[in-house]
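Subject: Structure handover and notes

Dear colleague,

I am passing on the structure we spoke about, with the sequence alongside. Please open it first, and then read the notes that follow with the model in view.

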Amino acid sequence: MKDYTYTMALRKIILSVAAMEKLLKKAGAERVSEDAKELLAEALEEQALKIGEKAWHLAQYAGRKTIKSEDIKEAVK
């Protein structure tokens, strides 16, 4: 298993751990560990970056510098 503690210490998380706790509690969890919050934040950020990169390429292909909602919708597909 990957050592996420070391990885998390080297990398700045954009998404807040408080928001991750809210999401996990909304999903039904009664309690959430700090590690779980940090790992969820990392996983969601990785997915968001992939979507963002696809959306950016779509905007560039359309001759725009601005990512629009339709780019995000298409990138998520």
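E74 is a residue of helix 4, and in this predicted model it is partly exposed, because its relative accessible area of 40% falls between the limits of 20% for buried and 50% for exposed. If you look from E74 towards I51, which is 23 residues away along the chain, you will find that the two C-alpha atoms are separated by 9.1 Å.

The side chain of D71 reaches the backbone nitrogen of K68, at a distance of 2.8 Å. When neighbours within four places in sequence are set aside, the residues in contact with D71 are A55, L58, A59, R64 and T66.

Is E45 buried or exposed? E45 is buried, as its relative accessible area is 6%, and its side chain reaches the backbone nitrogen of I14 at 2.6 Å.

Moving to helix 2, you will find M20 there, and at a relative accessibility of 3% M20 counts as buried. Apart from residues up to four places away in sequence, M20 touches L15, K37, L40, A41 and L44. For one of these, K37, the separation along the chain is 17 residues, while the C-alpha atoms of M20 and K37 are 5.3 Å apart.

Helix 2, covering residues 17-26, packs with helix 3, covering residues 34-61, at an angle of about 95 degrees, and their axes are 9 Å apart. Helix 2 is therefore roughly perpendicular to helix 3, given that angles from 65 to 115 degrees are classed in this way. On the side of helix 2, the contact is made by V17, M20, E21, L23 and L24, and on the side of helix 3 by E34, K37, E38, L40, A41 and L44. Sorted by class, the contact of helix 2 with helix 3 comprises seven nonpolar residues and four charged ones, with no polar residues.

As for the chain as a whole, how many helices and strands does it have? The chain has four helices and zero strands, so the pattern read along the sequence is α-α-α-α. Among contacts between residues at least 6 apart in sequence, 38% join residues that are at least 24 apart.

The mean pLDDT of the chain is 89, and 86% of its residues reach 70 or more.

Note on methods: Residues numbered from 1 in each chain as written. Predicted model: local features only at pLDDT ≥ 70, side-chain atom pairs only at ≥ 80, totals over all residues. Heavy atoms only, no water. pLDDT = per-residue confidence, 0-100. Polar contact = N/O pair within 3.5 Å; in protein donor to acceptor, adjacent residues only side chain to side chain. Contact = heavy atoms within 4.5 Å. Axes fitted to C-alpha atoms, helices over the stretch in contact; angles between N-to-C directions. Helix = DSSP H or I, 4+ residues; strand = E, 2+ residues; numbered from the N terminus. Parallel < 35°, antiparallel > 145°, perpendicular 65-115°, else oblique. Nonpolar A, V, L, I, M, F, W, Y, C, P; charged D, E, K, R; others polar. Buried < 20%, exposed > 50% of the residue type's maximum accessible area, 1.4 Å probe, protein only.
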